[in-house]
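Dear colleague,

I am handing over a structure that you have not seen before, and below it you will find what turned up in it. Please look through the model first and then read on.

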Amino acid sequence: MSRLTASAEEQNQAMEQYYVLQSKIYDLTRWAFLFGREEIVRRLPLDRSAPQRILEVGCGTGYNLRLLAKRFPKAQITGLDVSGHMISRASQAVQPFGGRVKLEQRPYQLGDMHFNNQMDAVLFSYSLTMINPHWKSLLQQAYEDLKPGGVLAVADFHDSRFPWFKAHMGNNHVRMDAHLSPWIKENFDPVSLTVKPAYGGVWHYFMQIARK
Ligand SMILES: C[S@@+](CC[C@H](N)C(=O)[O-])C[C@H]1O[C@@H](n2cnc3c(N)ncnc32)[C@H](O)[C@@H]1O
């Protein structure tokens, strides 16, 4: 299956398959290369004393859900993921927060009516670069799910000048073509964009905040 032609269903199946094994080693390995996750949560321009509604799309093992729940003690947080294996890890991670953090296992996709205009913030952390070629429609759905003025926050891989590295990441479903941030800038109200090097510039990652 080519990542450029995969149907949404094929793409979702590929994710479920990939994370059968990866879910077991995810938390042991990802701290070493998924940079910017703490920073994007710290940067969220939300009132910490208000009961915000926050959605993380592709919440994985719940790493960010825990950060969000700690930083926004009154927030209602939803973590959504297509992979049952990842959601099952996340359910252990968010147990201490009781009913304040809810999990849903299903693919996020355009036309989803669950959260229309209800979210104060939608976070995508290292999910969009894996959702090919459908990343645009997921951002469009986030637009629908945000309240007017609501916050879109994205942390993800940006690019690499090394073809061997991009090929390696491609084998792991990740597209690194600096394709996300310009589209977000054009289709949301831009607030901030920070691009940083990882490991002396082997790749760059970015953190972007925008509003509906
Ligand atoms: C690299 S992990 C990121 C996990 C977490 N956000 C983090 O920062 O550690 C990407 C996650 O996105 C999920 N995912 C991919 N496509 C999705 C879709 N269409 N809807 C929901 N989740 C999706 C995958 O199952 C996976 O758990």
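**The ligand and its surroundings**

Helix 1 (8-29) and strand 2 (76-81) each contribute at least two residues to the shell around the ligand, where helices (H or I, at least four residues) and strands (E, at least two) are DSSP runs numbered from the N terminus. Please keep in mind that this is a predicted model, in which local features need pLDDT of at least 70 and side-chain atom pairs count only at pLDDT 80 or more, while totals for chains, interfaces and linings use all residues. Residues are numbered from 1 along each chain as its sequence is written, and side-chain values use heavy atoms, with hydrogens and water left out.

The largest share of that shell, four residues, is supplied by helix 1. In total 24 residues surround the ligand, and the closest are Arg 37, Glu 56, Gly 58, Asp 81 and Ser 125; a residue counts as near if one of its heavy atoms lies within 4 Å of the molecule.

On its own the ligand has 600 Å² of accessible area, of which the protein covers 98%, as computed by the Shrake-Rupley method with a 1.4 Å probe.

**The loop and the annotated domain**

In the loop between strand 4 (119-125) and helix 5 (135-145) lies Pro 133, which is joined to Asn 132 by a cis peptide bond with omega about 5 degrees. Tyr 126 is also found in the loop between strand 4 and helix 5, and its phi is near 55 degrees, a positive value in a residue other than glycine.

Finally, an unreviewed UniProt entry places the feature "domain: Methyltransferase" at residues 54-150, although such annotations may be inferred rather than shown by experiment; the positions follow the numbering used here, and feature names are shortened.

With kind regards
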